[in-house]
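Please keep the sequence and the model open while going through the points.

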Amino acid sequence: MSRPLIVILWIALAAVWFGTLDQRALVRPDEGRYAEIPREMVASGDWLTPRLNDFKYFEKPALQYWATATGYTLFGIDEWTARLWPALTGFLSIVLAWWTGQRLWGPMAGHLAAAILASSLLFVVLGHLITLDMGLSFFLQVAWTGFLFAQQGERGASRRWMLLAWAGLALAVLSKGLVALVLVGAALLGYTLLNRDLSPWKKLVPVSGLLLFLAIAAPWFVAVSLANPEFPQFFFIHEHFDRFLTEVHRRDEPAWYFLAVYALGALPWTLLLLHPLLKSWGQQVAGSFNPERFLLLWIVATFAFFSVSSSKMAPYILPVFPALALLGGRHIASLSRRAWLIHLAVLAVAAVVALATAPRVLNLAGESYSPAMLQGVLNWLLGAAALSLASIVLATWLVWKYRNAAAATVLAIGGCLSTSAGLLGHDHLSTFSSARSLAAQALPRLQPDRPFYSVDYYEQTLPFYIQRTLTMVQTQNELSFGIAQERHKWIATIDEFKQRWHDDREAYAVMTIDVFDRLFAEGLPMAEIARDRRYVVAEKPAAATSTASPLTDTRGDCTAGAAATGTPSPSPNDRAVRPDCNGAPN
């Protein structure tokens, strides 16, 4: 490919990658959680002890929280900034794969590695969702990239590369914990045993490397433990050993689970990448380090570790994708036309099936999703499937002309754009999957000095959008540890909440629609000020009595909520405070 075309493709990738970050509402639970924790850091000024809804939250280390809080401070608190860290580390991972591939095996290998990584479905999705996995994956990639280059060249350069590896490992630990040490150790040990080669251990610079690792990773762990003596047991024991060895987090899946995740997450490269895996073992040259074999063992070790774990989630295997992309960039252009055509034929069938079956999403219409919401999703899905099919057809023609590298580029463009379209389409479900619209309705009525309760459920995205914490009632959700440390911030029962509500002069509460109906039927004075397809935000007017009436239909169509609960219809006097369908007072 010509240099101008390469530059244009990189600019286009950056525009698509970063330009869509604020086009979707945050979705529960992860995006709400990991956007809110750094917001609370900025609001409180405490960047040492992570808090979620003002409760101590020690499930993960603080690096991503600091990065996002810094972004909030520099650029403001919004969805684009909240997603910036996973997007940035994902983009840097693509750049690093390109740089590593061309340094190891030439320019074409680098370009194709970047193309594969930038278009793999799971990688694109997690580069645009707020989770901690992309940061972990990127810094692990930095670590094993430094390790690979430390095996080559003269001693001084080898030492610098190895120190980079130690630094990357420390930042990986600060991203998601001790799992980073386990994955790197397993890959290194596996390579040593299978190759019967101890030479990589001689280049680890263990003394200076360990000192650098501790200088980067240890200060926060020490400081947060001193400030919160309960931290070490919860973080190191509960969040690592209990998570791995038990089903305490209820994320148990069959042993083959991650093979299925790979099959879907590696699209549009799933079958093609199996060939480089087989080729990567190759012929070992005596006395030399084999980077392809190490990358293969990195993939195998990561798969094996998470497959035997009692806690399985799709994002866990994200760290294998940069290595897969590098091996693909090394070999994919040289694969036979037959291998390419078989893969493209399977993809074409899948795209046609997607086009034919996509309209079935309309069958999901009900209380959660309206026909209009699903029609919006369908339009984007059809566009994504059509775009994917077009890229497959063009790639097939290029392969037939023996232009495999061009075919890979076209397939990558189609994969990246179609996945991005699918993500944008999901935003049509935001009135169910996010509290953004609920918050937009409620904000004009909210006063910052009034109590705000979250009754029997904690909606993860609401605190971010209203930029304040909530007093949780009855539910503990994932905050049980934090609540145990500060129980005075929690209301244990609905009955205690009712008493608080009666005692408050003015207050707000968010609850599911069925809870709102039930509490109103019991005579609790509430005036609805916002609703979406799951929740109601209610306020207690200053002069409210126990005979206050609901204000809108609990089904969201602006008819009387009393009809849904079997209670008498609101009187004309009640209508004076009833909001319209957009949450604004009549």
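1. One aromatic cluster is formed by Phe 58, Trp 66, Trp 220, Phe 221, Phe 231, Phe 234, Phe 235, Phe 236 and Phe 481. The model is predicted, so that local features need pLDDT of at least 70 and side-chain atom pairs count only at pLDDT 80 or more, while totals for chains, interfaces and linings use all residues. Residues are numbered from 1 along each chain as its sequence is written, and side-chain values use heavy atoms, with hydrogens and water left out.

2. A search of the whole structure finds 40 aromatic pairs (rings of Phe, Tyr and Trp, the last by its six-membered ring, with centres within 6.5 Å; planes under 30 degrees apart are stacked, over 60 edge-to-face, and the rest tilted). Among them, Trp 66 and Trp 220 are edge-to-face, at 6.3 Å centre to centre and 85 degrees between the planes. Trp 66 belongs to helix α3 (residues 63–75) and Trp 220 to helix α11 (residues 206–227), so this pair ties together parts 154 residues apart in sequence (helices are DSSP runs of H or I, at least four residues, numbered from the N terminus).

3. Trp 66 is partly exposed at 23% relative accessibility, whereas Trp 220 is buried at 5% (buried is under 20% relative accessible area, exposed over 50%, partly exposed in between, with a 1.4 Å probe and protein chains only).

4. Phe 497 and Trp 501 form a tilted pair, 5.6 Å centre to centre with 50 degrees between the planes. Both lie in helix α24 (residues 494–503), 4 residues apart, and are therefore separated by about one helical turn.

Conventions. Helix = DSSP H or I, 4+ residues; strand = E, 2+ residues; numbered from the N terminus.
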